[in-house]
Amino acid sequence: MPSIITVERLSKLYHIGASNPHGGTLRESVRDFARNPLASLMKMAERGREELWSLKDVSFEVGQGEIVGLIGSNGAGKSTLLKILSRITEPTTGRVRLYGRVGSLLEVGTGFHPELTGRENIFLNGAILGMRRQEIERKFDEIIAFSEIERFIDTAVKYYSSGMYMRLAFAIAAHLETEILIVDEVLAVGDADFQKKCLGKMGEVTNEGRTVLFVSHNMNAVRALCGRVIWLDKGEIVKAGETEQVVLNYLQKGAAPTLEHVWDDPMTAPGNEKVRLRSARVRLPEQGRSQPIFVNTPFQIEFEFWNYLPGAVLNFTMHLYTQGAPVFSTASEVKPRPGGLLREVVSVPANFLNDELYSVTIQVVQDTTETLYLHPEVLTFEVQDVARPGDNWFGKWPGVIRPNLAWVSQDVAKGGAAWVQMIRPSQSS
Amino acid sequence: MGTSTANHDTTAPAGARGGGLLRKSPPTGASGPFKDPPVVIEPTTFWSALELREMWLHRELLYFLVWRDVKVRYRQALFGITWVVLQPLTMALVFTFVFARIGRIPTNDVPYPLFAYAGLMLWTFFAGAIATTGNSLVGNAHLVTKVYFPRLLLPVATVAARLIDLGVVLVILVGLMLYYRVGLTAHLLAAPIPILLITFLALGVGLWMSAVNVKYRDIGIAIPLLMQLWMFASPVVYGLGSVPKGLQRAFSLNPMVGIIEGFRASLFGTDFDWPSMLISAGFTVLLLIYGTYAFQRRQRTFADII
Ligand SMILES: Nc1ncnc2c1ncn2[C@@H]1O[C@H](COP(=O)(O)OP(=O)(O)OP(=O)(O)O)[C@@H](O)[C@H]1O
Ligand SMILES: [Mg+2]
């Protein structure tokens, strides 16, 4: 199998921590310098020192027609790698050699203009994604059919529902016919139906002999699609190889528990101009984080965030995953929220989760339809088994949850009701 | 550290570029089974030959970016056109009334409203083009951080879209010239020269500003003030004839002098002042080179810091 992508010792250095990650203002720079020239120069030198190697000496090859998954926890460098491959940003050292056109889907709907109609946006977005005009014209009908929004094709997309918007955006992306396709977490948004459709389309792409690099936190999607997986952590390749092997390793060792995440500076906090996350943490009844969470420990998950849309009708969804598979989702009340720093807390009862490693994904939704922000795997925590007195079996209980349900024993000879009134047993251990 | 770009590898043997005809024969050379030479992505220390080749490959995107800007502006056709035309037209009227009170402006017998409109339409184009071009990177941040294309396309597309506006205000100019029965001369053939100069001058300044704007957002605030000063230092609402003779040469160091005066000379058949036009041309070339240089030097980090 010939290599279509060869990555040689790729590294990327970011300068971070500067008080103005979004570019300061000239006035600030001048003012700082005027006030205290020495301090300002030292600050600049300091700024230079706050370095972060988002990729360190990464090398790998991808064969033609392969679908390779990129996995790793937040900040591992996955998006950075994809950005270099799609030439959005340049590597600091190292080099990449690739053959053919690269289509990158770091998000869908890039460059959609709200004032333009669906039809016009197909052309605009297609061109932005690198499609030739004839190519777009040729696929135009197919794209519209796939999107299922024929009726609104001549309506400005600002009047679309977010679902329609996503459908159109994905329909265009799905018809991108580059030799190499780069996909970053675009499956993270959208409803289940939409995700299924996306996955199906991704599967088709394989059969066409195209090469795909696929970043996801959804291990089931990775398992279903990828023939090979590269696991990145802190900018370095931890393991690369056969999917099942790497995914298993990643799930076992990779996701070290993160019980707390705090971003103090709204400028660097994850989010966007609508909402920004300030912190996420797992709370235990007794404070002290060193305490393990046992199967029978109730706990709470707390999020703090800045809301820049005062009065917006928001609600929060927490998705719980284990081994990359969804366990459940739970949503907060839908109601208008004030602006400013807010907190949401959700309680998880004792005797509900199994002894597993769980990860929490948080989603902020406006008007119950529009995802404002989604943070995959913001927290990971491990639930430990408790000593089971009088139980001689030490094996693991199968299942992703382990509810403590009521059982009753009856003597059939004594008759008995079809419906047994029961009280949930008090917790034994 | 230098600028980094992806270059199409020139080390691939010519045989590897076989293309369609050679596809069936066994492939040779570094490209293996692939018909095109590889794209190499690496940090380079060179100024990347302006990415002209990449620009050419992305010419359709350039077209669509211009098309987007124009389409959005003229979405409501009448409103769009009115808006574009109104600015130089009302300004011309205002200055006509102002100067009717405080004294005549020497215009070589050209009716003052027409004289002022010719200057103002160029100036509105110039100021507008610089403002929008200066904002073209920051305003398209969502593109810059999500897809690749030669970044130069953004300022170029923005200026190009502005040229469409210039076309619209030109129609009004023609109307005014008919209304005032201005006789046309062979000088009109030279009219494209000042238009060309002002376009590239706006591009040069805009390129530099768009690059700086990524790092220092508040430069956008200082610009309107500077542009206002520049306007009054340029023969927009008056002519070179209003400037004392001895100062005219020094005054012409402003590249807008040669451009606006040259434009008027071609419209109204007056004499060209070639030295000042040469100065404009020289400035335009210098600013274009410097602007492109400043832009290319910074573009390496656009996606990282925008
Ligand atoms: N433009 C930037 N400037 C400074 N630092 C950056 C920039 N982009 C990314 N980083 C840093 O580089 C590291 C890797 O980020 P990257 O986005 O590649 O992670 P990721 O693996 O995609 O994570 P996630 O799963 O959260 O998407 C992070 O620590 C991040 O803070
Ligand atoms: Mg990422």
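Reader: How many salt bridges does the rule find across the interface of chain B and chain A?

Author: Welcome! This is a predicted model, in which local features need pLDDT of at least 70 and side-chain atom pairs count only at pLDDT 80 or more, while totals for chains, interfaces and linings use all residues. Residues are numbered from 1 along each chain as its sequence is written, chains are lettered from A and ligands numbered from 1 in the order in which they are written, and side-chain values use heavy atoms, leaving out hydrogens and water. With a salt bridge being a side-chain nitrogen of Lys or Arg within 4 Å of a carboxyl oxygen of Asp or Glu, the number found across the interface of chain B and chain A is four.

Reader: Which residue of chain A meets Glu42(B) in a salt bridge?

Author: Side chains of opposite charge can pair when their charged atoms come close. For Glu42(B), the N to O distance is 3.6 Å, and the partner is Arg95(A).

Reader: How much area do chain B and chain A bury between them?

Author: In contact (heavy atoms within 4.5 Å) are 46 residues of chain B and 49 residues of chain A. Buried area is the accessible area (1.4 Å probe) that two parts lose on being put together, summed over both. Of this area, 61% lies on carbon and sulfur atoms, and chain B and chain A bury about 4100 Å².

Reader: Which three residues supply more than any other three of the area that chain B buries against chain A?

Author: Let's look at the side of chain B. The leading trio supplies 17% of the area that chain B buries against chain A. Its members are Phe34(B), Ile41(B) and Lys146(B).

Reader: At what angle do helix H8 and helix H9 of chain B pack?

Author: Two packed helices are described by the angle between their axes and the distance between the axes. Helices here are DSSP runs (H or I, at least four residues), numbered from the N terminus, and axes are lines fitted to C-alpha atoms over the stretch in contact, with angles from 0 to 180 degrees between N-to-C directions. H8(B) covers residues 153-179 and H9(B) residues 192-215, with their axes 10 Å apart. The angle is about 145 degrees.

Reader: Which residues in H9(B) meet H8(B)?

Author: From H8(B) come Pro155(B), Val156(B), Val159(B), Leu163(B) and Leu166(B). Their partners in H9(B) are Ile195(B), Thr199(B), Leu203(B) and Leu207(B).

Conventions
Helices (H or I, at least four residues) and strands (E, at least two) are DSSP runs, numbered from the N terminus.
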